[in-house]
Amino acid sequence: MALSPKLEIRQGQTLIMTPQLMQAIKLLQMSSLDLTSYVEAEMERNPLLERVDSDTGPAEGGEAADADTGSTPREAEGDGEWLSAELSDSSRDIASRLDTDLGNIYPDDPGTGREQPAGGAETQQRDQWQTGLGGRTGGGGASEDYNLEAFVASDVSLQQHLREQMVLAIADPVDRMIAQVMIDNLDDAGYLRLDLDETGERMGVERARLDRILSLLQTLEPTGVFATSLAECLKLQLQEKNRYDPAMAALIENIDLLARHDYAALKAACGVDDEDLREMIAELRALDPKPGSFFGETLIQPVVPDVVVRAARDGGWSVELNSDTLPKVLVNQTYYALISKKARDETEKTFLTDCLQTANWLSKSLDQRARTILKVASEIVRQQDAFLAEGVQHLRPLNLRTIAEAISMHESTVSRVTSNKYIATPRGIFELKYFFSASIPSAGGGDAHSAEAVRHRIRALIDAESPSDVLSDDTLVKVLKAEGIDIARRTVAKYRESLRLPSSVQRRREKQARRD
């Protein structure tokens, strides 16, 4: 078969990932915080984008209201006259009662001097009081401007707290440098995450010197810092309380038995009876396993929901977007028309055209993102109406395909919408993905059960069990099958472990110890 070049014409349809389409997909799966950061960055790059703030605007009535007091200039003038009269009468009253001028009593006060013209003291005091009422100063001169944040004490980190003590405890400069390296290698809980042998080789220091410095640092506050393990941390705190006796040392060495609630083995290892063992365990629980967590606490940001669900008057549910999480941007067409006339060359015209196109696409993408989130959230609420009304035990099994088919969208779009998005319901704040769970078949051939509802039921059964009748996994399977849930034993064990619930043997030991 001979090979020869030829021309062919074919017609077809393909989906091309344009930059605008990729931007829309990227925005769809962003969380509210990431979206805000992205919009802020776009506003810095694009001069045609403006932030829309509904709270700003001129005051009604033709007069601008004062930003701090909310009063108009006429009201402020009236307040000034009232203050002037009050201060003037007060000054004359004090001077008449004391039978002398105020300048003789307060010679250091410039507002009470005799040499001032008539009304000077009252005027200055009135200005100071008005300035104080305006929120700019606290009674000082009008030129002073206090920042209240400057008077707030800053948080002291664990490293700073230990560094201040180390300077007083160690005098040798070389030892201080080694101690500083150890301080810098502490984690947030106060544990030392440093290989001393490797550090000694790198710094050219003997291991005995490192151990001596470490022993000295372990005496600093809070007690328990610079430990390399949980057992050593507890040991340091017990030594500081003078409670590290041989029995307690044996308990610390066998702390893994305590985690498994094997009290019989602990009594044999420590050589104590039940009462002494309970007292020793109570002392351990009173200690701090993370002595450094008190310092430099990071601020935990609360979850801000993207969607809010409220009960409607007609018995249904009202689904609304949280406007606080939606960045509001506006394309300034007026500014574009103004500067486009002054473009000097093609480069500037191209730049302005690209900025206008990018701004329009961003505005449309944000609007489409909000509409898609609202559409998906409304369908989820409709599907999980029983959960909102009755609780988690009525959560239905749900997958992405069900929602996608109901709203005529692709599963990938629904997956992006439900990622990192939260919804506020009367039952609490949940991630949108929480409402999607696997299906557990019914034992009687009825409606399937949600995996999350089954987990909730397993936790409820275990929480309600008595010390004399602890439910094993096999017993849980029988109870669930009696309630119409067809589930295997390994599935029950998997759900129990996902809930961080111990086995029946460990639960029996723990509950018996609490009862004793």
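**Close-up views of a predicted model**

**View 1. Helix α21 and its buried side.** In helix α21 (residues 473-482), the buried residues are D473, L476, V477 and L480. They lie on the same side of α21, because they cover an arc of only 105 degrees around the axis. On the other side of α21 you will find K478 and A482, which are exposed. Here buried means under 20% relative accessible area, exposed over 50%, and partly exposed in between (1.4 Å probe, protein chains only). The arc is taken over the directions from the helix axis to the C-beta atoms. Helices (H or I, at least four residues) and strands (E, at least two) are DSSP runs, numbered from the N terminus. Among what covers the buried residues of α21 are α20 (451-464) and α22 (489-498), with contact meaning heavy atoms within 4.5 Å. Just after α21, G484 has a positive phi of about 90 degrees.

A word on the model itself: this is a predicted model, in which local features need pLDDT of at least 70 and side-chain atom pairs count only at pLDDT 80 or more, while totals for chains, interfaces and linings use all residues. Residues are numbered from 1 along each chain as its sequence is written, and side-chain values use heavy atoms, with hydrogens and water left out.

View 2. L210, I213, L214 and L217 are the residues to look for in helix α9 (residues 207-217), where they are buried. Their arc around the axis is only 100 degrees, which puts them on the same side of α9. The cover over the buried residues of α9 includes α6 (158-169), α7 (173-184) and α8 (196-203). In the loop between α9 and α10 (230-240) sits P222, and the peptide bond from E221 to P222 is cis, with omega near 0 degrees. F226 is in the loop between α9 and α10 as well. F226 is not a glycine, yet has a positive phi of about 70 degrees. With 0% relative accessibility, F226 counts as buried.

**View 3. The largest cavity.** Searching the whole structure turns up 1 cavity of 30 Å³ or more. The largest cavity has a volume of about 30 Å³, and its lining consists of I380, V381, Q384, L388, I423, T425 and F435. Two or more residues of this lining come from each of α16 (346-383) and β5 (422-425). On a 1 Å grid over the protein atoms alone, a cavity is a set of points where a 1.4 Å probe fits but cannot get out, and lining residues have an atom within 4 Å of a point. Grid points are joined across faces, edges and corners, and a volume is the space filled by probe spheres set on the points.

**View 4. Q383 and T402.** Q383 belongs to helix α16 and, at 9% relative accessibility, counts as buried. Leaving aside residues up to four places away in sequence, Q383 touches R396, L398, T402 and I403. T402 is in helix α18 (residues 400-407) and counts as partly exposed, at 32% relative accessibility.

**View 5. R500 in a loop.** R500 is in the loop between α22 and α23 (504-515). R500 is a residue other than glycine, and its phi is positive, near 60 degrees. Its relative accessible area is 78%, so R500 is exposed.

Notes
1 Å grid on protein atoms, 1.4 Å probe; cavity = no way out; pocket = protein on both sides within 12 Å on 5 of 7 lines; lining within 4 Å.
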